[in-house]
Every structure is written in structure tokens, then in C-alpha cells.
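Hi there,

Here is the structure I promised to pass on. Have a look at it first, and then read on for what turned up.

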Amino acid sequence: MGSDRGFARALAGWVGGLAAALVALTLAASTGRMAAATLLALLASVGMVVGLVRHVGRTNLMLARFVEGLRHEDFVMRFDARGGSGFAALAEALSAAMRDLQLERGKMTEELRFCEALIDDLPVALLTVDARDCVTPANKAARLLFNRHDGVRVGDYAVYGDGLLACLSRAGASTQAVVPLHLAGGTQRAIVRAGVVARLGVPVRVLAIEPVQGALDAAELTTQTDLVRVLTHEILNSLTPVTSLAGTTAVLLGEEDPDLDDARLAVVTLARRAEGMRRFIDSYRMVARLPEPRPRSFAGAPFAAELERLFRVEWIEHALEVAVDAGLMVIADPDLLAQMLINLLRNAAQATLDVQNPRVRLSMRDHPIDGLVIAVEDNGPGVPAAVRHDVFLPFFTTRSGGTGIGLNIARQIAVAHGWRIEVGDSDLRGAAIRLFLGPFSAGSVTLPEAL
């Protein structure tokens, strides 16, 4: 950006005038007899110097004012090139830059308003905790949910329960927990997720609190309905022959010449069916006891090798493929995980009894998105999509002679650890049970006893 021609001409004029005034002053002073001329030349020289300084300093003054406006975010001002300040090209460029800044600031302001409105209207309550342990509700949901306390300190939130207080007080990495909240309408369970973000270079903890009591109640009612449906079906199936045998026995023993052999056979059959019902009730009691995991870190390869040895002892005719990532570490309760995988491997082997070349595969891999994924796959008939939701229900089974509790116990172990388990298709053209341990496989979710 070169200087403006008008600025250069004016500068040359001021410099020329100053030179002429200095020459005249020198001539007048050399004669010694022209006091008036000397004084006039001196005043002209001073005037030329003042004019030259003002001409040069005007552009600097306008630049200083322009930069000062930028510092105070006054994007409305423009660079004034009038009055001989010069640098018209520079003035136009700076003014254009100021217009662009004003436009970008308008866009950023609109985007900020949108983000603020989005956060404020989120149905999940957001709380922020700064370095001084001051808690601030960040949106409407938080202000509506937490309205029973006074103050802004962490301790002021104790009225909502020790679970929330512990989450607010806990510093460090991201956490997730299910805690009871003491609210105006009663105690509700809520999922609390916490993380750390930087605000102006200072770390701030952000907590997202989502009451889930309604969803849990609905899920509990659905589970109870499904459980009653399955239990009713199983109990009626067992009671029907018991009732029939009891009636037959009563008829045989009520005859004048009772057939004791037939009556004895009926009683033996009745006792066997009663024993079957007792085992069924015992299995129900087993399902009702939730496991308590004690997670620890262990190597995946030797763990899988032990499962392979146990599998080959029981299923000699089956081919078991084991694939474990090198150096893979698992954080879980090894006993509960082994119990789960043994059941899943047994189910897979039983599903391939009628297959000509039965194959079962156990894999433990570290997925870049899902984290640690453990899968048990087979080349059996698979699980129809219509019943994949039901296979985890207690006593639901699609196999003759099955108890229907293996997959339910597997799901209970997964839930107790905070994992996810699902049924899908395998590339072996059979079923696949996948267990997602996630990047935080243990300790990331804390479940209360009532859950």
C-alpha cells in the first residue's frame, strides 16, 4: 500500500515552503538591517514546521484512533482519509477490514445466541462447578430441578442427597453414576455425567443431570409384564400334567380294586414333575440375585486360553477359534466374566449340534470407537430378529430342554459392570453375542442397590 499522491504533493509543498522560509531567514539575518524581514521569515519557518508536523502526524493520529477502536471492539468506526491525511488506499483497506470484522462479529453473535438458546432449552439439567466450588445452574432445566436450596456453594446442594453432593465434590476425569435425587416431588433416580472443560484457561466441571425415574418405572413395568408372561407360561406347562396325574391317581386309588402298579407309576411321575417345578423355582431364585462385581485388571490372552481349555474338555467335536489382540488388558470381575463366557460358549456349542462342521469363535478385540468388544459367535441357525429382544428375559428359550436363564444371567453381569450386551448376526452365518466393555470398562457406572 503506497502513499497517496495528494499526500506526497502536499508533503513536498510543505517541505519546499519550509526550505524557502529557511533561505529567507538566512538572507535576512545575514544583512543585519532587516529586522522585520528576519522576524517574518522566522515566523514563516515556524509555521511551515508546524504545518509539516501536523500533515505527517494526522495519518498517525487516525491510525492510532483506528487501532484504539479495534481494542475497544468498536467495529462501526471507519478510517477517515479526508483533510489531507493521505493514504487513501490504506484507509480503504482498513475500513474494508473493519466492515468484515463487523460482519463476522454479527455472525458470531447470532451463533452465540443460538448456542445459548440451545443449552437453555435442553431437557437435561446442566450445572457448572468452578475452581472456588461455586455451583451455577446453566439452563432452565437446572433452575427448575434444583429450586430447594439457598446459596451457590457445593455444600448448599446437600439437600438433594449425598449422591449428587459426591458428584459435585468429585474432581478429576469424566465420571458417570446413577444417584438418588431428593426433589420436591419425592426421591428419583437420575443419571449424572460429569466432565471437565476449559473456560478462559480455567478448568470448569460440567455436570449433566437427567432424572430417569419415569423411564425406569416404565421399563420395570414392561419387564414385570414380560416376566409374568413367561412365568405363567412355564408354570402352567408344569401344572397341567401335575393336575392331570393327581386326578388320575385319585381315580385309581378310589376304585374298589385299585390298580396299585398304575397308581404307583402315577405317583412317581407326579413326584418327578414336582421336582422339576422345584428346580424351576430354584433357577428363578438364582435369577433374582444380582451379582456384585469386583473388577480388577488382567491380561486377556491367558484368560481366553483357560476358557478354550475348559471348552475343549466338554465339546470335543467342536472347533473353537480364539482371537485376542496382543497385549490386551481387561478390567472386569474375572470370575463373573468367565461364568458369562462359559455359558455363552456352551449356548453356541448347543446351537451347532445339528451342523455338519460346527464352529464356535471367541474374540476379544480393542475397537477404536466401541472400546473393548468380546464376541461369542457360531455357525448355527442364528437368532431370529423377532425374538432378539426376548432372549435376555428370564426363562425364555428357543431350544428344547433349555432353561432360559443363561442369557439373562449374562445380561445381569453386563449391567452390573456397566457394559452393553446385544445379539446379532455373525460372519460365520450364525448368531453372535457381543459384549461392549467400552473405553471405561469398569468403574465408569455406579449402580445403587435398588437399581
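Which side chain meets that of Arg361 in a salt bridge? The partner is Glu377, at 3.2 Å from N to O. Please keep in mind that this is a predicted model. Arg361 sits in strand E9 (residues 359–367) and Glu377 in strand E10 (residues 371–378), so their contact ties together parts that are 16 residues apart in sequence. Both Arg361 and Glu377 are buried. Through shared partners, salt bridges also link Glu321, Arg359, Arg361, Glu377 and Asp427 into one network.

The whole structure holds 14 salt bridges. Among them is the pair of Lys140 and Asp121, again with 3.2 Å from N to O. Lys140 belongs to helix H4 (residues 140–145), while Asp121 is in the loop between helix H3 (88–120) and strand E1 (125–129), so this pair connects parts 19 residues apart in sequence. Another salt bridge joins Glu308 and Arg312 at 2.9 Å, N to O. These two lie four residues apart in helix H8 (residues 300–314), about one turn of the helix.

Now for the strands. Five of them make an open sheet with antiparallel pairing, in the order E2-E1-E5-E4-E3. Its edges are strand E2 (135–137) and strand E3 (175–183), each pairing on one side only. Nine bridges hold E3 against strand E4 (residues 186–199), and Val179 has Ala190 in E4 as its bridge partner.

Elsewhere, strands E11 (residues 420–425) and E12 (residues 431–438) pair antiparallel over six bridges. Their hairpin has five residues between the strands, and Arg429 takes a positive phi near 70° there.

Best wishes

Notes:
Residues numbered from 1 in each chain as written. Predicted model: local features only at pLDDT ≥ 70, side-chain atom pairs only at ≥ 80, totals over all residues. Heavy atoms only, no water. Pairing = 2+ DSSP bridges. Salt bridge = Lys/Arg side-chain N within 4 Å of Asp/Glu carboxyl O. Buried < 20%, exposed > 50% of the residue type's maximum accessible area, 1.4 Å probe, protein only.
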